[in-house]
Structures are given as structure tokens and as C-alpha cells.
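Biologist: I would like to learn how to read a model like this one. Could you take me through it one feature at a time?

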Amino acid sequence: MVDELARKVMDGARVGAADALELYRQAPTHLLGRLADTIRARRHPPRIVTYIIDRNVNYTNVCVARCNFCAFYRPVGSSEGYVLGFEEIFRKIDETMAVGGNQLLLQGGHNPDLPIAWYEDLFRAIKGRYPELRLHALSPPEILHISRINHVPVPEVVARLVAAGLDSIPGGGAEILVDRVRKLLNCYGKASADEWIDVMRHAHRAGLRATATMMYGTVETDEERIEHLIRVRDLQDETGGFTAFIAWSFQPEHTERGGVEATGIDYLRTLALARIVLDNVDNLQASWVTQGGKVGQLSLAFGANDMGSVMIEENVVRAAGASYCMDEVEIVTNIEDAGFVPKRRNMHYEILGDPIFREREVPRMLELATARSAGDTSVPEQLRQYPARSRAGKQLRLAQ
Amino acid sequence: MTSSSTFDRLLDRVNAGERLTADDIAQLAATPDILSVGMLADALRRRLHGTRVTYARVAACAFDASFANAVPPVAREIRITGCPTSLTSARAAVESAKAVAGDRLVSGFCWQDVERLGSNAGLPVARVLAELRAAGLEALAEMPMDAIDDEAAVIDTLRQAGFDRLRLTVAKAPAAERTGAMLRAAALQARFGGIRAIGPLPTVLDALRPTTGYDDVKAVAIARLAAPNIPTVQVDWQRDGPKLAQVALTFGADDLDNVTASDEAPDGRRRAPVEEVRRNIEAAGFTAAERDGRFHPVS
Ligand code: SF4
């Protein structure tokens, strides 16, 4: 049965849910890798492996969603809650551009005290100052949250954010696109599976490209993992809006849910399966942030063709216990050592060039930055201009 | 890998119990196709060990610390870390470890330590080995092949001194040099016997230029394929980390060495290390079996 399925995959046939399940459960790990690697090689023949230099900035950690797998958020009114000021964000952009970065990945909690005008003003301010910088911002649940608290329909939110400077959308918040799982993870309220898909559909129709993600290793069954992949594939058939797919394992430390992390082999098998099932998504990223540099590099033999981001800053995964760091030099070393040719790219996966450190001197970066330095509880001045909705937010404004 | 027909031919030979030649090994070491190398090593590993993966809980204890406090009952081996300058102190450390160990194996020191103890005491290494052995030392913790000039003489000396569960290691040789070392290990085994295990991943970590995942799994696979006459290929659970160690099991490794013997779960971990080890082994499709320091199964 597995041999027959392997032949089918090698012949380029589409794999259905039952076949995917059989492969995932029964195929030896190396065979799954071999199938995924063959598909990667067909799609990306010149042995190029890409990466992007960008910064993952979390503009706020205040969140009303309270997903039970999240170690990053702080409830409204928490003394550890923060919102970054525009100037702080500009400083981060300056640092990012100094090491060759061309994109800001901007995501945050569902903060009830940030109206849509705050996002519009921020995006305009960034684009006014850095016209070349790409804004890869706001996952579907954040867009839904903005839509809900401002009573503005999703297509209009998307249109207004695009008018303000939004370039593309990160695929965060997908977790597993099955409502049974979402209810158990307490993330059904922030976006049901259909809602996540719908926001993406609107965004794709508005001309935005996006990534799709999957956080596995919590309560989902193998069948549900596959259902997630098929939902992404179905939308991609419809819109063609996804540039890439990224899978990462649930990081349990400091989370309400707790438990243990899925193993490295589980990651490589899941990645390979994603490459096999997602026959209409060009790019698969290696999640070295959750798997470490070594298994991250091995992802290149299990279907990945992209090493993701030289992150510069990361807060969410670190809060849950993983703190791997690779600067551009190390990412390039890993790509070349695996027999591939490294190329810098943008969010649309257009090749920008060779490694920047070979063109000019850039400082080595052996540690990822955080959103804020420890103990910094400052409240940005400009928050005053935006009305708060929560009681704690109102009190904070009055105290400013 | 050059072509699928070359791979198929090599796989047939491995499955038939034939040994790959030095040229085959060199060709495999040069290919970026780690999946093919991994499949070959996995086939050989399964022929030798089936689906069984062993692990050993080791209590590591500095030579000058209190062994009584550092050795939990579940430890299956006591490994002395570091080395004093004098033979008298080294012997005393072994005696203290042995007193706590009971019938469990005591290991410690590396070959260079033995040489240094000999030169400090003005004694030949054979005498140093004899004294340490008399004090209760059963195995050297490390024998870094890349740091030993005359490997044959060293192995001969150790065998003559009664050390019969040798564990060859690599200190920091680059990947290219490790292939030669693995082939030499196989030749030494054929000549002297007594080599129980190889640990092909470097014991000395370079923070600025760490080895990569490809380097590591290929080194494991090459060790397995180059030295089919050495029973065990090991990775180190603590040093190499759970993720890489687990993946290495599918690239030819059959043993997880140096699992922490403490059953406490510090740092918020919610599972004891041994449960984590077993979970990782099973998630890789193998069956987990605990062993003691002498490589005997623990029931
Ligand atoms: S995952 Fe996002 S939405 Fe959920 S609690 Fe964390 S910050 Fe909020």
C-alpha cells in the first residue's frame, strides 16, 4: 500500500486525506523525506534555498483571546503588558535595515485599546519614513479582532490597512483549522476555522499575498492535522494567494496547557507530509526557531526550500521556552553545507541577491533581541491620542 | 548520491550482509544526499539490532566532588569527569566512585589523562592503567581518535591492561577527517577486538562554528556503515540534545549514552528525563531498552 502511494506521489498525483493518513502513519521516515525531497527538487530545480532578513516585532502583548497554548500574552491591566511606541518601532526598523533587512513582520495580541486608527497611523508613519520597507503584518485573527472592536467589516478593514501601507499578511493564528481542536485550545473565539479561512480569502481577493501556518502537537489527531493541510490546499486552489507554508510544533513551557513538545522526527515527518499534500504551495519554510539549527537544516532534506527568517527579534516562541538564534552567516553556512545555494528573498519569494554579509560588513548577531528590555514599563506618549475601550486602558490614559 | 542504481546496488549489498568498501564510504561521505546515506545506515542498523535502541542512565561526577551526593540509585554507570594531576588523587577518586557504585561500572578519564598521569608520576602508562583498574576503573570515558597518534599501540595497551569495553570518540575533527577515523576504528576492531562502541559526534563544541545537522547525521551514518564490526554507534543525549539524538537513531545510531540519572524534573519540565528518552525512541519507531554501563540489558 505504502509503495503504491509512493509511486503515486512520484508520478505527481494529488494525494487525498486517506492516502495522506496512510503515508503519515505507515511510511518510513526516510521514504517520506525522499518523496518530499523529490517534489522540492521538481519545484525548485536550481537547488536554491532562500531566506529573508526581517524582524519579528510584536507591537503589544496585551491580549483578550487567552489561547491556552500561548506563553506570550498578558491580560488587560497586567503590569507586564506593553504597547510599543512608534519611535521604538522605528528604532527596530533602523537596526533591521542596518543588517540588510527589508521587511517588518508585525504581529501582536488582541489589544482592546488599539483602535483601527492606531494601526493606520502606524503603517502610514512607517511607509512615510521607510518607503522601501515591506510590511508583513497582522494575522487573520488580529484582522478579525480589529473588525470586531471597530465594527468595521473585514473587507473594509483589509482595504483600509492596505491603503495605509500593508503589503502582505502572515498566516499566524491558524493553529489547527478544525473547530474541535480550536475549542480545546481556547482559540475558537478569536477565529473559528471558517473565519480564519474567510479573512484569508478576503485578503487574497484584495490582492494581498499571505503565508499559511500550522501549529501542531497539542490535542489534534493525525486526521485533524491532515484536515488542516487540506483546508489550506482548498483555499489555495481557489485563490492562489499563499506564497508559503510554515509548520511549527507547540512549545509547552510556561503555557496554561503545558505538556510535552512533539519530537524532532515528528516535525520532519509532518513537514514532509505538508510538502506532499500541499502540491499547490510553492514554498515550505524550515522552522529552526522551534526545532533548532540542526533539525532546521535537516528540514531541507524533508521538503523545505526556505530557511525562513534571520529573525533579529523573537518574543513568542522564546516565551514558551525555545531560544534558538541564527544570524545570516549561520543560516548561509547551513544552506551551503547541505549542498544548496543561498539566496536572499522578499516576502513574495522574489530573489533579492546573494548573502548581504558577502557584499558588506554586517555585525554578527549571536542573540535575538526582545520586544523590550527587561523592566521597561514605559507607556508610549502617542497612545493618548487613541481612545481606550477597557477600563484598565482608560485608567492608563488618564494617568498619562 | 550519484544515481538510484548505485544506491540500489549498495542497499542490496548492505542487506546481504556485505561490507562496503573504503571507496563506497568515501563516495557516501561526499554526497549531500543524506537521505540515501541515512537509508543505508538504517538498513545496516536494523540488520544488527532490529528495532531495539538502548539507553544508559549515567551519573556524571567531578573527580573532586562527593560521589555519595551525585549518584542516584537509578544510575547504571558512574562517570568521573575531569582529572586530577596526580595518580594518587586519580586512584582515590576511582576508589570513592567505586565505593558508591557497588557493582555498577565506573568509568572516567580520557587517554590523554592517562598519559599525563603517567608522565607526572614518572610511570609507564601500562602501570597507570593497572593501578586505576585495581582501584575499580572499568572503562575510559573517552578515547578521542583525532587526538591519539598511534591508535594501534594505545588500543593494544588498553587491551593488555584488561580494558575490554572500549569506547572510541572524536574530540573535534572536521567531518572530512571523521570518515577516515571511522574506517581506522573498523580496522582496529578487526585487529584487536574489544571496541564496544563509537561516539562519532564531536565531544568538544565550537560555539562560533558548530557542526551542522547534516554533518552530524552523516557522521553517525558513516560510522555505522564504515564499522559494521563495532556493535554500537552512540549519540550523547545531553550533549547532542533530544532532537538531534532522536533523528540520529534513524541514521544508524542504536544507543543513547549519558542520559541524566537524576529523576527530578528541574526547569519546569513535567516529565522525568527517562520518560522523555523513551518517548523519543518510540516516536522514532523503535523499542526502548535500558542498559547498564557494561551494555547488559536492565530488566
Ligand atoms: S496566541 Fe495570539 S491571540 Fe492567542 S493569546 Fe497569544 S497573543 Fe493572544
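**Reading the model**

Modeller: Let's start with one residue: A:Leu138 sits in the loop between strand 3 (134-137) and helix 6 (140-150) of chain A. Helices (H or I, at least four residues) and strands (E, at least two) are DSSP runs, numbered from the N terminus. This is a predicted model, where local features need pLDDT of at least 70, side-chain atom pairs count only at pLDDT 80 or more, and totals for chains, interfaces and linings use all residues. Residues are numbered from 1 along each chain as its sequence is written, chains are lettered from A and ligands numbered from 1 in the order in which they are written, and side-chain values use heavy atoms, with hydrogens and water left out.

Biologist: What is the phi of A:Leu138, and is A:Leu138 buried or exposed?

Modeller: Its phi is positive, about 70°, although A:Leu138 is not a glycine. Buried means under 20% relative accessible area, exposed over 50%, and partly exposed in between (1.4 Å probe, protein chains only). A:Leu138 has a relative accessible area of 0%, so it is buried. A:His254 belongs to the loop between strand 6 (242-249) and helix 11 (264-277) of chain A, and is exposed because its relative accessible area is 59%.

Biologist: How should I read contacts, and which residues does B:Ser107 touch?

Modeller: Contact means heavy atoms within 4.5 Å. Not counting residues up to four places away in sequence, B:Ser107 touches B:Glu77, B:Ile78, B:Arg79, B:Ile80, B:Leu137 and B:Ala139. B:Ser107 lies in strand 3 (residues 105-110) of chain B and is buried, at 1% relative accessibility.

Biologist: With which side chain does that of B:Ser107 make a polar contact?

Modeller: A polar contact is a pair of N or O atoms within 3.5 Å; within protein, one must be able to donate a hydrogen and the other to accept it, and residues adjacent in sequence count only if both atoms are side-chain atoms. Here the partner is the side chain of B:Arg79, at 3.5 Å.

Biologist: Now the interface. How much area is buried between chain B and chain A?

Modeller: The size of an interface is often given as the accessible area lost when the parts come together. Buried area is that loss (1.4 Å probe), summed over both parts. Between chain B and chain A it is about 2,600 Å², with carbon and sulfur atoms giving 62%. Chain B brings 32 residues to the contact and chain A 33 residues.

Biologist: How many salt bridges does the rule find across this interface?

Modeller: A salt bridge is a side-chain nitrogen of Lys or Arg within 4 Å of a carboxyl oxygen of Asp or Glu. The rule finds three between chain B and chain A. One of them joins B:Asp33 to A:Arg34, with the closest N and O atoms 3.5 Å apart. Helix 3 of chain B gives six residues, the largest share of the side of chain B that touches chain A.

Conventions: Buried area is the accessible area (1.4 Å probe) that two parts lose on being put together, summed over both.
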